Structures are given as C-alpha cells and as structure tokens.
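Trainee: I have not worked with this entry before. Could you take me through it, beginning with the terms?

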Amino acid sequence: MTATVRALALDFGGTLARPGPSPDGATVAAALRELDNTVVPEGFATAFEDAACRVRQEDRARGIQSPFAEQLARAARACAAVIPDPQAATEAVFTAVPDAFVDARAAATLRRLHASGLVCVLACDTQRPEAVRRRTLRAAGIEDCFEALVLSSTLGVRKPHSRFYDAVVEMAGCRAEEILFVGDTPAKDAVGPYEYGMRAVLVRSANCPPTWRPWMADSTPSYDGPRVRFAAGTVQVRSAGPVPVGMLAGRLSVLSPGTERRHLAATVNGPARDAGYMSLGEGSEGWVLAPVPHGAAFAPSLTGALAVPRGTSLPVAAVGRFQLMAALGLARLPVADVPDAVVVGSGPVALGCVLALRRRGAERTRVLTARRHAPIGRAPGVTCVSGVEPGSARLVIDATGQPEKAAGLVEAGGTLGILGTPDEDSTLPALAAHRSGWTIIGLHELAPAPDGAYQHTYTDAVSWLTEHLDPHLVASWCRRVPGHLAPQIFELLDRPGRPAEPVLMFEWAA
C-alpha cells in the first residue's frame, strides 16, 4: 500500500519565507570593526567579496557547504586582516544582515499542519548558523513547529547531496516514503527527494517555472503494491496483491539500469525504497505507461502516465520511453543540425539518444563503447567505436553518468550534453570549458517543458519507430524476463554475463 505521510520536510527561502540578502563586503567589514581585537583594513570589503564568490563556486561544484568562517578566513589572508574569533564574527555578521522574512500565510498553514500531528523538519541550504535561523523562526512564532532543523551550514553539504536527505530522514524519525518534501527548487526540492525515496511537492514561486509539471510532485501517488524493493543493498521481490478498484494491474515494467543501480547502492547505508519508475498496464483504452515502481497497480489518470498509441507493440512502447528521455533533452540543444555526433554509452539511454538523433536528421552517429558487438550498433546510422580522438567532436552526449570523461572529446566551440545522471561528486573541468568555449547543457527529461510536451513527444517517438524501423529490429533490443528473477538480473548488471539487450522488461503475473 502507499505509505501514509507522517512528516513534512520544508525548505525555507522561497517556500516559507522571502529570501533574505547575502552579506556584502561593506556590511561584513562594518560588523567586524565592532568586535574587540579585530583588525579590518580598508581593502577587506573587496577581499571578502572575491573570497565569497570563490567559495560559493567551489561549494556548488562539489555539492558542499563551507562554513561562513571560511569566507572570512580567506578574505583575512588576502588583506592581512585579523579575526581572532571566527564564530563570534559569524554571529556579528548575521546579526547585521537581515534573515528572510517569513510569510504570514505560510506560517499559518505550517501551524495547522503541525497541529494535525505531522512531524515538521526545516530542510534548507543556508550560510546562516542555526542560532540565527532559530531566532528568525521564533520571531515568526513557528520555532516550536519544527522537530528539528537540517541546515547545510551545520551539515557541511547542500541539497541534493544524499547526506542531506539522510539527515532529513533521521530527524523526521520515519521512513523516506512517509516524508513529503516541500520546496521551490526543482532539482533540490522535487527531483532529489523523489530519487531518494520521498514524495515531493513543488511550491510555485518566482523561481519555479510556470510550465513545471513533474510527475513525482504528486502528494498522494495513485499506485499500489510495488513488486520490487531495495533494502540494505539487496533486491527483494514481493508477492502480488489484489488490484484496487479503478486501478490497472502492472503487467510489465521497464528497467532503467543506471538509475536503479544507484538507488540500490544507496540502500547499503541508507533507507529502503521501492524500485523502478516505468510500469505498463492495459486498460480499456489500451496500454498505459506510468511512472510507478516495478509491477505496481496504478490509476490510469495518474499524473505523468503516458497513453501508448493503439497498435504500438510493447517493444516499441518500451524503446520509445528511452527515446522520449533523449528527445526532450535534445530539443534544448543550441544547434539545429547534429552532424557526426558522439554518444558515450551503449545502454538503453544511449539507444534512445541515437534514435532521437536519427529522427532529428543525423546521418551518422558514433557510439563510444567498450562492448563488442553492442546491439546499439544495429541502429540506423550508428557506428560503434572503441575510441574517439580527444577534442575532435562538435557534439558529445554522455549517456553513462560520467560527463567528466566525455568532456575531453569535445572540440573548441563544441557542445557537451549530459543525458545520463552523474554522481553527486561528479565535476567538470571549468577552466577547459571556459578556454574552449564549450556549451554544456543538461538533458534531464524533467527539466521545464511546455504543457503537454511529455505525451506529445512520446507519441511522436513511438509513431516514428513504428513507421521507420523494422519491428524485428526494435524487438531485438528488448528482453522480457519473469519478474521473480529480478534479483538475479540486478546481480548480473555489473558483470560480463548481463543480458546483451539494452532494454530489459520484467513480466508480472497476478
């Protein structure tokens, strides 16, 4: 059954409050000069702003949160300032610099939710110390609504780092799937929490694109009876239960190897979670592909569910799902033509990418892969290669989640597309990108898109596959496996004996 929401994790700026100002050099210098034994030379304001910019850039690249004292220390070293008590200096600065102003309507809503019995945890990125943020909450009359504060300034990591969400779950005192994360930033407050196993609601604010319609943001997902569970690094298969009235039985589900291996690994030291997010059920109007765990029953009206066009074969429906991922991202490329693109990887995401490129007019696509006789090589216009000369490709798309390796292939003035989801600690060579004039673009399928684009793009993808490719070719990219063999399949994914077909589907019997 779908877990009951027992806790709320709430962002602060843009959700409960209007974001407050960041400390500027002049204000910081003035605050420090009020402290005993502190020496602040005339050049400190400029030194601080330079240091703050550098620290923020480094932190964002690494997903961490350095203490505010680190900005002070760097500025002090640059201009020979003397700051004997960094903690007192930090408190002084954030006493001088106003915190965010809590919205009265948001505060009233929070009080009602807390009174209803929900555990509330503040979960936000901030430079401010906990004492300063508590002072702001106290002034707004909502400090006692929070069971705990999870702040990046205390943890040393920022959303969407998994350690941040680890702390949220620990402080909430319940399972990840029982937590509803509420915030205004898609990557950190919706995608990140959802991938961790929580539910998420995106608040509309100035920072939230009006076209954002993420299917993971439903506060009450309409599905029941997931069949595969990740727990402590193991894969568990559950027995089928009765299908609730009004729902479709999950008959088939599609494996996304990269994402699901990452989710499985996260359960070694993290919370358990249901596996998968692409299941197929058959209703009176035909097949429906829904964003629910493997084998789960679901309501056909579920947000994000895709209607499979009538007459579409199941292999085309599954391959089209991966083509959809690529097509939505490729629509944001700054180049209209796609000559001699290089796609790194040969799994299902890479397959969807080369097909989407072909549909956009690519006559030739090189696929960089170490796999001999990879099935992706049978796609029209594809040549599999074991190496590409560094700095030689105008367009490189990474479908492996390792863009730092793909970056070295991009020519000066070229484009790097990031289609595979990178690890949290993945970094790109900023200096090389700067000097070479690269364009780097994220190709995540859930980035903002016009209303209706998800279904429209999927329909176009499967129609193109049906009309332009031999059905036997599409079927050769797919393998159907009984669902009870899921543990063995996951065990094989990192081994030489894994199935050759890039698209794997689990079959679920009642």
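Mentor: Two strands pair if DSSP finds at least two bridges between them. Helices (H or I, at least four residues) and strands (E, at least two) are DSSP runs, numbered from the N terminus. The model is predicted, so local features need pLDDT of at least 70 and side-chain atom pairs count only at pLDDT 80 or more, while totals for chains, interfaces and linings use all residues. Residues are numbered from 1 along each chain as its sequence is written, and side-chain values use heavy atoms, with hydrogens and water left out.

Trainee: Thank you. Which residue stands opposite E282, then?

Mentor: W287 in β14 stands opposite E282. Five bridges pair strand β14 (residues 286-290) with β13 in the antiparallel sense.

Trainee: And how many residues does the hairpin between β13 and β14 pass through?

Mentor: The hairpin joins β13 to β14 through two residues. Strand β13 (residues 279-283) is also joined to strand β11 (residues 252-254) by two bridges, and β11 and β13 run antiparallel. There S253 has S279 of β13 opposite it.

Trainee: In what order do the three strands of the open sheet come?

Mentor: The order is β10-β9-β12, with antiparallel pairing. Because β10 (234-237) and β12 (273-274) are the edge strands, each with a single partner strand, one side of each has no neighbour in the sheet. Four bridges link strand β9 (residues 228-231) to β10 in the antiparallel sense, and R229 stands opposite Q236 in β10.

Trainee: Which helix packs on the sheet?

Mentor: Helix α10 (residues 257-266) does, touching β9, β10 and β12. Contact here means heavy atoms within 4.5 Å.

Trainee: What about the loop between β9 and β10: which residue is found there?

Mentor: A232 is found in that loop. Its phi is near 50°, a positive value in a residue other than glycine. At 60% relative accessibility, A232 counts as exposed (exposed means over 50% relative accessible area, buried under 20% and partly exposed in between, with a 1.4 Å probe and protein chains only). H373, in the loop between β18 (365-368) and β19 (382-385), likewise has a positive phi, near 55°. H373 counts as exposed at 70% relative accessibility.

Trainee: Where does the cis peptide bond lie?

Mentor: The cis peptide bond joins K159 and P160, with omega about 5°. P160 belongs to the loop between α7 (152-155) and α8.

Trainee: Turning to the helices, which residues of α1 are buried?

Mentor: In helix α1 (residues 25-33) the buried residues are G25, V28, A29, A31 and L32. They lie on the same side of α1, because the arc they cover around the axis is only 165° (the arc is that of the directions from the helix axis to the C-beta atoms).

Trainee: What covers the buried residues of α1?

Mentor: The cover includes α2 (44-62), α3 (68-79) and α4 (86-96). At the start of α1, a side-chain oxygen of D24 comes to within 3.1 Å of the backbone nitrogen of A26.

Trainee: And R133: is it buried or exposed?

Mentor: R133 is buried, with a relative accessible area of 3%, and lies in helix α6 (residues 130-139). Its side chain makes a polar contact of 2.9 Å with the side chain of D99, and one of 3.4 Å with that of T126. A polar contact is a pair of N or O atoms within 3.5 Å; within protein, one must be able to donate a hydrogen and the other to accept it, and residues adjacent in sequence count only if both atoms are side-chain atoms. Leaving aside neighbours within four places in sequence, the residues in contact with R133 include F12, L122, L149 and L151.

Trainee: Lastly, how many aromatic pairs does the structure hold?

Mentor: The structure holds nine aromatic pairs. Rings of Phe, Tyr and Trp (its six-membered ring) pair if their centres lie within 6.5 Å; planes under 30 degrees apart count as stacked, over 60 as edge-to-face and the rest as tilted. The rings of Y165 and Y196 have centres 5.8 Å apart and planes at 55°, so this pair is tilted. It links distant parts of the chain, with Y165 in helix α8 (residues 162-172) and Y196 in helix α9 (residues 186-196), 31 residues apart. Y165 is buried at a relative accessible area of 2%, and Y196 counts as buried at 11% relative accessibility.

Trainee: How is the pair of F506 and W508 arranged, and what are its values?

Mentor: F506 and W508 are edge-to-face, 6.0 Å centre to centre with 65° between the planes. Both F506 and W508 are buried.

Methods
Axes fitted to C-alpha atoms, helices over the stretch in contact; angles between N-to-C directions.
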